[in-house]
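User: I am new to this structure. Please show me how to read its main features.

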Amino acid sequence: MGGNTDTTVGRLRSGVSWSRLRRYCYDGITYLVYALAIGFFLFPVLWVLSLSLRTEGAVYTSLELIPAEPSLDSYREVLDSGILRWLWNTLFVTVLTVAGIIVVTTPAAYAFSRFEFRGRRSLLLAVLGFQMISPIVIVLPLYDIMRTLGLTESHAGLVLLYIGLQIPFSLWLLKGYFDTIPTELDKAARIDGCNRLQTLRYVLLRPVMPGIAVVAIFNFVLTWSEFVMAYTMLSPGGEDLYTLSMGIYVFDNQLATQWTNVAAAAVVGIVPIIAFFVALQRYFVRGLTEGAVKG
Amino acid sequence: MARLEIDGLRKTFGRGEDRIEAVSDLSLSAADGEFLVLVGPSGCGKSTTLNCVAGLESVTDGEIRIDGEVVNDRRPEDRDIAMVFQNYALYPHMTAAENMAFGLKMTTGLSAAERRDRVESTAELLDIGELLEKKPRSLSGGQKQRVALGRAIVRDPAVFLMDEPLSNLDASLRSTMRTEIQQLQDDLGVTTVYVTHDQTEAMTMADRIAILREGELQQIGEPLDCYYRPKNEFVAGFIGEPAMNTVRVTRRGDTLVGDALEYPVPRRADGLPSGEPFTLGIRPEAIEIVEAGTGAATGTVEVVEPLGETSHAYLTVADATVTVTTDGPGAVEEGERVGIDFPAQRVHLFDPDTGAAVARRESLPGEVTEEYPASRHD
């Protein structure tokens, strides 16, 4: 009953076992599904990139993904048209928002994870409840409040609004991450002479960094491409205050016939997010698998 | 080095109906340089006690004194203690050297060079010099525990607190580390409070052991004293492996009578009232196998577990299971009917209601030589 005889059950004449063949098939199907999913999400992006590299005439005449005569004319036009100002505004608002969220949620998540205090559970549920409300539903009352406070038509107001709206999700995510870090580390730090804040600063901040990276990336992407709040709060203030998403919208209206310029503006808007994501991807994946998912 | 005193310690968690008393009126002390082990099953309050001593938990009631000074309201770093944890609790982003130096950095005014010197000399003591630049994730369990010990030693504290430091190690490493910790403690002479649920660790390492149950101190004393002269049925059952056999008996005249068991009342128990029930306890290693129909009782061997030097035989006597430790393999065989007997000095008697020992033996083996060899009478 040698394993290499033709009569052996479960083995083909070529010597490849059925189980291995089955595994190849499963692997093949898995990769096919991956490829379809990647294609589904990547195609629109590639198509926009393709449009941005065409001449205006080729938009309507060609269905080729790689343009026959690539042109950077639309990028030149877009960069000359004020998009850099909007890019700067977006970067300013996004960075301040992300920084603000991290500054607020890190100690808050630490406290919710580590301290037992009266009302802790109710507070956490209240925060979660707020997350259930769609910002679109409350955009008008929010505008009213912000106008009363004199915070409309200002980037500072928009940053505060974003921080407030995005704290609940970030807090839960980060709390889940803190929960996975053994409390013995806190105890060891206290024995070593740290107060609560020093424990957070010197001992827990580094282990929790992947979780903070996840919060940063989520909020960076969310804030960078946010439109409704920005449009509501900033649009009366003039184009100088616009963020990129508003700019592209205006751009689209003004240059409705020039699709190559709209596509180029979209590409310019996407590149920083991709760069940011790629830079922090390592932390992002580790953070998702180690913290939020398990926590 | 210092004397540690715990006086009337009480610690509760929660409020109202959810209130749990983790430690109840605990009083004990560890002399200067003593190795005191707190031992007991899960939830007995031993770790809570340690946390109260460390200052990681507030005290509900009572006093904790280190070298005569009440430290209840002092922060952990001001108590002159160092602690070793079960899961090592090394800071994952710091190297072994940074882990060891961190406490010095936060609590002393030592310069970086002085800190480095102290870390290096401690590392030499623990033979972990080559590990100093490694991060915890690249260390094995044993190495991590050595670094954690180093972190405690480098502080040169008055009291070491160790919370089940060997629980995460495999059996052979645990045994090696047990010896190393004992030796270190001997060399350094630092008062040590060591928490464990492992009675072997407690018996082999301690100068004295304190046995806790549901937050209350059951007995404190030298390991052999707790083994030979347990104060109650819980201590008798908890200390010793396999656990002590217990059977319900009643005194009838000069005899203790139980189901299928008869035994003469030991002389030290002469004063006990006749007609009263007692719990008779006898350790498996104190029982000898005799011919069926002779001795205190007769039973059938159900299972034999050979361990090499000794074997554990499980006998059915009436409805009860009696464990006997025999010499080597082959002393008894499964299915065999045998008698059991034991010396009177090794008999323990407990009050069946309170579990308290009655007519406790007064001396340990060796202290009164005529108690041995075994005899059925005191």
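**Reading the core and the chains**

Analyst: The largest nonpolar core has 157 residues, and B:Val37, B:Leu161 and B:Val193 touch the most other members. Helix H7 of chain A, residues 155-179, gives this core its largest share, 11 residues. This is a predicted model, in which local features need pLDDT of at least 70, side-chain atom pairs count only at pLDDT 80 or more, and totals for chains, interfaces and linings use all residues. Residues are numbered from 1 along each chain as its sequence is written, while chains are lettered from A and ligands numbered from 1 in the order in which they are written.

User: What is a nonpolar core?

Analyst: It is a set of buried Ala, Val, Leu, Ile, Met, Phe, Trp, Tyr and Cys residues joined through C-beta atoms within 7 Å. A residue is buried if 20 or more other C-beta atoms lie within 10 Å of its own, with C-beta atoms placed from the backbone.

User: Which residues does B:Val193 touch, not counting residues up to four places away in sequence?

Analyst: Touching, or contact, means C-beta atoms, placed from the backbone, within 7 Å. On that basis B:Val193 touches B:Leu4, B:Ala30, B:Leu36, B:Leu38, B:Leu50, B:Val53, B:Val159 and B:Leu161.

User: How many helices and strands does chain A have?

Analyst: Helices (H or I, at least four residues) and strands (E, at least two) are DSSP runs, numbered from the N terminus. Chain A has 13 helices and zero strands. Of its 295 residues, 31% count as buried.

Technical notes. Buried ≥ 20, exposed ≤ 12 C-beta atoms within 10 Å, placed from the backbone. Contact = placed C-beta atoms within 7 Å.
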